[in-house]
Amino acid sequence: MATIPSRNSILGSLERARILITNSQANPTISALLAQNGYDAAAMSIGQALYDKAYELTRIQQREVSEQRSASTAIETAWEQAKSSYMPILELARVALKHSNTVASLDLYGRRKGALLAWIEQAKRFYENVVQQPDDMAKLAKLNITPERIAAALADVNALAAAHNAHLQEQSDNQKATELRDAAIDELDDWVEDFVQVAKVALRDDRQLLEALGIRA
């Protein structure tokens, strides 16, 4: 299995290619010698295009990483908000409804689920079931748990579910962007490898020209 390049190696590949292409084009002597060995302006423009593509896809991938991190933070914030509205209601409901026949369907007792999706399902089940029980709602009203308060708390859970879905989308976008970037870097690296081998032949009589391209003589 191929090794996934690290961020440093990717930036290193981009910088190496940039130096090779820029310095080759900036030095007339190097350009002339390279042209004699197949790397004329047209050939160099291919390398420039590969570099531009890899650079842009790297920029896009870095943006996707940032967006995925923001989506992760949004989940944490939404979950804290949903918990802050859910737990007080749950604790009061355990007092008001301890003799209710709906205790089992409301899942009032026991530890709350630890996994995000399971927690969302557990909280939604309580909210959606309790509002369908007039007797239970009458008991809850005595502790200031109104239909409006239940609706607001359910909205917090739905916001959490939406944040989770958004994170999944950002995760998918990041994976796709990473695949495209890695393919572009591989293509650029292949071009650079061939270019370096040819440059060593074309510039073999002048060590300083090779060093100007960042190539060890």
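I count a residue as buried when its relative accessible area is under 20%. By that cut-off, 37% of the 217 residues of the chain are buried. The model I am reading is a predicted one.

**Entry 1: overall layout**

I listed the secondary structure first. The chain has eight helices and zero strands, so I wrote the order down as α-α-α-α-α-α-α-α. I then looked up the radius of gyration, which is 31 Å for this chain. The globule rule gives 17 Å for 217 residues, and the chain's value is well over that, so the chain is more spread out than a compact globule. Along the principal axes, I found that the C-alpha atoms fill a box of roughly 95 × 30 × 20 Å.

I also checked how far apart in sequence the contacting residues are. Among contacts with a separation of 6 or more, 74% join residues 24 or more positions apart.

**Entry 2: α3 against α7**

I took helix α3, residues 41-96, and helix α7, residues 147-202. Their axes come within 6 Å and cross at roughly 160°. Angles over 145 degrees count as roughly antiparallel, and that is why I put α3 down as roughly antiparallel to α7. I noted the crossing of α3 and α7 as left-handed. Sorting the residues of this contact by class, I have 31 nonpolar, 12 polar and nine charged.

**Entry 3: His167**

I then set aside the neighbours within four places in sequence and looked for what His167 touches. The contacts of His167 are Gln68, Ala71, Ser72 and Ile75.

**Entry 4: α5 against α7**

I moved to helix α5, residues 116-130, which also packs with α7. The angle is about 155° and the axes are 10 Å apart. This makes α5 roughly antiparallel to α7, and the crossing of the pair is left-handed. From α5, the residues I found in the contact include Leu116, Leu117, Trp119, Ile120, Lys124, Tyr127 and Glu128. From α7, I noted among them Ile150, Leu154, Val157, Asn158, Leu160 and His164. By class, the contact of α5 with α7 has 13 nonpolar, two polar and two charged residues.

**Entry 5: Asn129**

I looked up Asn129, which is in helix α5. Apart from neighbours within four places in sequence, Asn129 is in contact with Ser105 and Leu106.

Asp107 lies in the loop between α4, residues 103-106, and α5. Asn144 is in the loop between α6, residues 134-141, and α7. I checked accessibility for both residues. Asp107 is at 19% relative accessibility and therefore counts as buried. Asn144 is at 55% and therefore counts as exposed.

Key
Residues numbered from 1 in each chain as written. Predicted model: local features only at pLDDT ≥ 70, side-chain atom pairs only at ≥ 80, totals over all residues. Heavy atoms only, no water. Axes fitted to C-alpha atoms, helices over the stretch in contact; angles between N-to-C directions. Helix = DSSP H or I, 4+ residues; strand = E, 2+ residues; numbered from the N terminus. Parallel < 35°, antiparallel > 145°, perpendicular 65-115°, else oblique. Left-handed = near helix turned anticlockwise from the far one by under 90°. Nonpolar A, V, L, I, M, F, W, Y, C, P; charged D, E, K, R; others polar. Rg over C-alpha atoms; globule rule 2.2 N^0.38 Å. Buried < 20%, exposed > 50% of the residue type's maximum accessible area, 1.4 Å probe, protein only. Contact = heavy atoms within 4.5 Å.
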